[in-house]
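Visitor: I am new to this structure and would like to learn how to read its features one at a time. Could you show it to me, and then take me through them?

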Amino acid sequence: MKKYNYLIFDLDNTLLDFSQSELHALRAVFTKYGVIFNDETFAVYKEINHDLWTKLEEGRVKKETVLNTRFSNFFATQGVQVDGAVADNEFRSLLESRNDLIPDGTELLRKLKAAGYKIFAGTNGVGRTQRERLKNADMTQFFDELYISEEVGFEKPDVRFFETIFTKETIKNLDEVLMIGDSLTSDIRGANRVGIDSIWLNNNFDGVINDKPTYEVTELKEIINLFKI
């Protein structure tokens, strides 16, 4: 592996186990509104949510549309009327109470920090939620700065998300920057668009890989070996 100085980490399902936290929060929200949480209802919600987030990444809808309609759209399929913004806020509060982690993430960050790397969070999401979850996970201390799409104003893979980081951190040589994340369509595609290297954390992906990472790992501890730290 070549020498890097700046590391941009995605958060959800890279360092923070969003999938586990999401299951906990969705189960509670579904139950509150009288909908059984099972594989079928979860799949319906996931399809609606995924479609909205894909449109957001493509610049076809605003984040407010995603947050304010995903639950109202889902519950409508179950014959239940809810205020989408209220349900989303309830869901987000439940997420913020969790500290589910991807294995070896804390150790990786600690070793990288000790080795002198500049570490940034580069994540899509809501500022309040991502900051609270990092705090609960006791990870905030490892980051030099947090770049969250709601606060930046652009979503990965938009090149402007990454250019904001480069400008604010006065990064001139992009060969020194490495993106680390689990999403091919936001993390790896975004890295490719701006011309920086990437590590893809492959969380059991089964499909066509159109966005090629520089490196691929299946566990965070493999990154420790890549950096030889």
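Visitor: Is K228 buried or exposed?

Guide: Exposure is judged by relative accessible area, where buried means under 20%, exposed over 50% and partly exposed in between, with a 1.4 Å probe and protein chains only. K228 has a relative accessible area of 71%, so K228 is exposed. This residue lies in the segment after helix 10, where helices (H or I, at least four residues) and strands (E, at least two) are DSSP runs numbered from the N terminus. Please keep in mind that the model is predicted, so that local features need pLDDT of at least 70 and side-chain atom pairs count only at pLDDT 80 or more, while totals for chains, interfaces and linings use all residues. Residues are numbered from 1 along each chain as its sequence is written, and side-chain values use heavy atoms, with hydrogens and water left out.

Visitor: Which backbone angles deserve attention here?

Guide: Most residues other than glycine have a negative phi, and most peptide bonds are trans. K228, however, has a positive phi near 55°, and N204, which is not a glycine either, has a positive phi of about 60°. N204 is found in the loop between strand 5 (197-201) and strand 6 (215-217), and it is exposed, with a relative accessible area of 76%. As for the peptide bonds, the one that joins K156 and P157 is cis, with omega about 15°, and P157 sits in the loop between helix 7 (149-152) and helix 8 (159-168).

Visitor: How do helix 2 and helix 3 pack?

Guide: Axes are lines fitted to C-alpha atoms, for helices over the stretch in contact, and angles run from 0 to 180 degrees between N-to-C directions. Angles under 35 degrees count as roughly parallel, over 145 as roughly antiparallel, 65 to 115 as roughly perpendicular and the rest as oblique. Helix 2 (residues 39-57) and helix 3 have axes 9 Å apart and pack at an angle of about 155°, and these two helices are therefore roughly antiparallel to each other. The residues of their contact (heavy atoms within 4.5 Å) divide into ten nonpolar, five polar and two charged, where Ala, Val, Leu, Ile, Met, Phe, Trp, Tyr, Cys and Pro count as nonpolar, Asp, Glu, Lys and Arg as charged, and the others, Gly among them, as polar.

Visitor: At what angle do helix 1 and helix 3 cross?

Guide: The axes of helix 1 (residues 18-32) and helix 3 (residues 63-77) come within 12 Å and cross at roughly 55°, which makes helix 1 oblique to helix 3. In this contact L26, V29 and F30 of helix 1 meet F71, F74 and F75 of helix 3, and by class there are six nonpolar, no polar and no charged residues.

Visitor: How many aromatic pairs does the structure hold?

Guide: A pair of aromatic rings is described by the distance of the centres and the angle of the planes. Rings of Phe, Tyr and Trp (its six-membered ring) pair if their centres lie within 6.5 Å, and planes under 30 degrees apart count as stacked, over 60 as edge-to-face and the rest as tilted. The structure holds 16 aromatic pairs. In one of them, the rings of Y117 and F227 have centres 5.1 Å apart and planes at 80°, so the pair is edge-to-face. This pair links distant parts of the chain, since Y117 and F227 are 110 residues apart, and both residues are buried.
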